[in-house]
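Visitor: I'd like to learn how to read a few features in a structure like this one. Could you take me through them?

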Amino acid sequence: MKKILTILAVLACNAVYAQNIFKAIIRDDDTKRPLSNATAIITSLNKGATADTSGTITINNIPNGKIEITFSFVGYISQDKTISFPLKNSEPLEIDLEPLAGELAEVAIQTTRTNQNMSDIPTRMEALPQEEMDEKGTMRPGDIKMLLGETTGIQVQQTSAVSNDANFRIEGLDSRYTQLLQDGMPLYQGFSGGLSLLQVSPLDLKQVEFIKGSASTLYGGGAIAGLVNLISKTPLDKPELTFLLDGNSAKGADADVFYSQKWAHIGTTIFSSYNYNGAYAPDGTPFTAIPKTDRFTLNPKVFFYLGDKDSGWVGLNGTYENRLGGDIQVVDGHPDDLHQYFEQNKTYRFSTQLSFTHKIDTSSELNFKNTVGYFNRSLTEPGYNFNGKQTSSYSEVNYVYHNKIFNWVVGSDLQTDNLNVPGSMSYLSYNINTIGVFVQNTYKATKWFSLETGLRVDYNTPAPINKTNGVFVLPRVNGLFKISEHLTSRIGGGLGYKMPTIFNDQTEEQGYKDIEPVDVSKLKAEQSYGLNGDVNYRNSIGDAVININQLFFATKVNQPLLLENDIYANAPGDLTTSGAETNLKFFVDNLGIYLGYTYTDTKQHFNNITTTQPLTPKNRISADVTYEVENSFRAGVEGFYNSEQLLSDGTTGRGFWTFGLLVQKMWTHFDVFINVENLTDQRQTRWGSIYTGTITNPVFDDIYAPLDGIVVNAGLRIKVK
């Protein structure tokens, strides 16, 4: 009997001893970013675990022997591994999952300052990742006008009929209610924002992030409609040297080069480009649809890694552009008594950037950012010249703390904006300073609910009449509901404001001509209330991935600033916009399908009269079908629809469809591509004249449709490294 008990005890001890612990770190194969919420499943044992914020998975009580474990994450290719227990090495196993074709894999977001995964942020965010940048870089290498214009809920509005100048609108609101940032810093604000869409290249970008709706507690006043943050490329362990050469049927050519390399304690990225376009007017139209353009850009950055705790980078941005549009005969150098009209923009853009991070410990860090910008623009028309020099700066310091439950950001920033207009129009000069303090907190209350709250207080000088102390208090709140593994919802809102300035689409259309100055102390700041909510379904079914997002939004702006008879004044009433966005993404094998729909209803309620806001189509549809074999071949077709829209003169612009086609073949060291835009040659000039008056002194109508018609571009991308 004693022998039997001894044998049972030994067997019991061995059984206990044979219970192994398995640990793994699951990461993105490309970026090496940890994949929070990835799963590891042992089907034979009915066991599993979910990765924490560091991507770490732990499974206990695994018996000896060969065990098959399946690692998976939505938007990534699942991976099966057979592992023999007991393990010879106690270190966590590193599992790198490869993203599926398409861009449904999770991305880290920088705009909220927390660098969290997008799926964990209560604020509704959208992001276009590197793959999208590469595709758009071949379709329009010289600027980001197309990149933004093809995004659901964002409308690019052309502000000059002959110079191709453009701004962008979010959720039906004027461009002055949006912010355009680069690496979290406002390089394009006020006077320098007018040509920004045309002077940023996709080749220098790693990612573009969007927040739609009130976001003022993040970066200050002005983001009533939302913001766009352009994230620059950073050096990776593998060096990169890429050349992009492109030419198009509208007399354009681009030559871009990007280089990056990382060493032990230092790294660099260098982007340089030359963009040229000859004066182009399709089918004998009298005015340029695309102006004659020469642009040079140079953006070098140096990155430094001072041990495990300190890192940062410094950069320079420099751009020179000469843009000449107008009567095609004048631009081609043959003016006469009848043909005299032209618009010439000469711009110099120069800025410095500095970013520094000190990690205090594993859960907290200090960050500092600074940019100083100089922008000089000269706008010349027959008998008229406007020249302005803007000097601006932005400085920010913030403290970030995070654990499994809380994520805190506390900080302060300072913005300065000075415009100097010499000569007879010096009355348009101004100087505006804003000091802000902010705090935001993300509280993960449960596995299924997270709450994000924020408060920002801004002090402005000079102060508007409705806030004589110049102080604005801006609360914001957002909630994230993880209803199930595949279904989530976000709801949130906040307050915003916009200081009175002369910069909006109307001013650009007039070329600053005859504009009366804005006296901030005699005008009210525009104040807003915004609310949005969405439902998102995301799942993988075999090799297929589907993502459906439904967004609803509403914003009210009290006493918006309007330009009437060349004088800015607060409107007697309010401006409201509401609507919905629907996005569907479906990927299976090498095929990707995207469908987007935007409904926008923007109204002006002035003097107890309600009217529709001009230049705001109620219905917009976008569709894209792409077939891609990774690193080998890509072909896609896309279509876009804009419904009828009210114009400023009371007439209605017609609805129209445009279509595009892209074919790209990739090899190890070079790609070739051909892209066709506006296949059906939809042009506003085909439907009637775009100006009144005479060809010598034209007065241009609103531009709501393409002017350049069908454009074919082809090029070569050379990847040396």
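Visitor: Let's start with Tyr-341: is Tyr-341 buried or exposed?

Guide: Keep in mind that this is a predicted model. The general idea is a cut-off: under 20% relative accessible area means buried. Tyr-341 has 9% relative accessibility, so Tyr-341 counts as buried.

Visitor: And what about Phe-700, with its relative accessible area of 21%?

Guide: Buried stops at 20% and exposed begins over 50%, with partly exposed in between. At 21%, Phe-700 is therefore partly exposed.

Visitor: How many aromatic pairs does the structure hold?

Guide: There are 27 aromatic pairs. In one of them, Tyr-341 and Phe-700, the ring centres are 5.8 Å apart and the planes meet at 55 degrees, so we call the pair tilted. For the reasoning you need the angle limits: under 30 degrees is stacked and over 60 is edge-to-face.

Visitor: Where in the chain do Tyr-341 and Phe-700 lie?

Guide: In distant parts, 359 residues apart. Tyr-341 is in the loop between α5 (328–331) and β22 (342–361), while Phe-700 belongs to strand β44 (residues 698–700).

Visitor: Which residues do ring pairs link into a cluster?

Guide: Phe-191, Phe-375, Phe-386, Tyr-430, Phe-503 and Tyr-512.

Visitor: Which charged ends sit over rings?

Guide: Look at Arg-113, whose charged end sits over the ring of Phe-438, 4.1 Å from the centre. Then try Lys-233: its charged end sits over the ring of Phe-258, 4.5 Å from the centre.

Visitor: On to sheets. What order do the strands take in the open sheet of four strands?

Guide: First the general idea: strands of a sheet pair through backbone hydrogen bonds, either parallel or antiparallel. Here the order is β3-β2-β5-β6, and the pairing is antiparallel. From one strand to the next, the twist averages 25 degrees.

Visitor: How many bridges join β2 and β5?

Guide: Three, between β2 (residues 39–42) and β5 (residues 65–72), in the antiparallel sense. To find your place, note that Ile-41 stands opposite Thr-70 in β5.

Key. Residues numbered from 1 in each chain as written. Predicted model: local features only at pLDDT ≥ 70, side-chain atom pairs only at ≥ 80, totals over all residues. Heavy atoms only, no water. Phe/Tyr/Trp six-rings, centres within 6.5 Å; stacked < 30°, edge-to-face > 60°. Helix = DSSP H or I, 4+ residues; strand = E, 2+ residues; numbered from the N terminus. Buried < 20%, exposed > 50% of the residue type's maximum accessible area, 1.4 Å probe, protein only. Lys NZ or Arg CZ within 6 Å of the ring centre and 35° of its normal. Pairing = 2+ DSSP bridges. Axes fitted to C-alpha atoms, helices over the stretch in contact; angles between N-to-C directions.
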